[in-house]
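Welcome, and please take a moment to look at the model below. Let us walk through it together, one part at a time.

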Amino acid sequence: MNEQIEYVQALWERIAAREDDVPVPEWHSAELGRRLANYEAAPDAGRSWGEVEADLRASLATG
């Protein structure tokens, strides 16, 4: 198991070292643009990570 983790970490390091070579699908860029536009239009519409985490923990506790 340890060897598998080391292999995945080494693979990730190789990918991260060449991030410009990793293709980004157009729909990813479009989705990021859409989300950024939504945020800029209403920056207070979302919730903080703390709020989301608290809700998730409460939901899991009452499961």
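Predicted model: local features only at pLDDT ≥ 70, side-chain atom pairs only at ≥ 80, totals over all residues.

Residues are numbered from 1 along each chain as its sequence is written, and side-chain values use heavy atoms, with hydrogens and water left out.

Start with the fold. The protein has three helices and zero strands (helices, H or I, are DSSP runs of at least four residues and strands, E, of at least two, numbered from the N terminus). Its radius of gyration is 19 Å, well over the 11 Å that the globule rule gives for 63 residues, so the protein is more spread out than a compact globule. That radius is taken over C-alpha atoms, and the rule is 2.2 Å times the number of residues to the power 0.38. Along the principal axes, the C-alpha trace spans about 40 × 35 × 15 Å.

How much of the protein counts as buried? Of its 63 residues, 0% do, where buried means under 20% relative accessible area, exposed over 50%, and partly exposed in between (1.4 Å probe, protein chains only). Met-1, in the segment before H1, is exposed at 73%.

Now look for a nonpolar patch on the surface: Tyr-7, Val-8, Leu-11, Trp-12, Ile-15 and Val-22 form it, with about 600 Å² of accessible area together. Patch members have over 30% relative accessible area and no salt bridge, and nonpolar side chains (Val, Leu, Ile, Met, Phe, Trp, Tyr) are joined within 5 Å, like charges within 9 Å. Areas come from the Shrake-Rupley method with a 1.4 Å probe, and for residues only the protein chains shown count as cover. Val-8, one of the patch residues, lies in helix H1 (residues 2-17) and is exposed at 52%.

Finally, the charged side chains make four salt bridges (a side-chain nitrogen of Lys or Arg within 4 Å of a carboxyl oxygen of Asp or Glu). In helix H2 (residues 26-41), Glu-31 and Arg-34 sit three residues apart, about one turn of the helix, and their side chains meet at 2.5 Å, N to O. Arg-35 joins Glu-31 and Arg-34 in a network of salt bridges. Helix H3 (residues 49-62) holds both Glu-53 and Arg-57, whose closest N and O atoms are 3.1 Å apart. Asp-55 pairs with Arg-47 at 2.3 Å, N to O.
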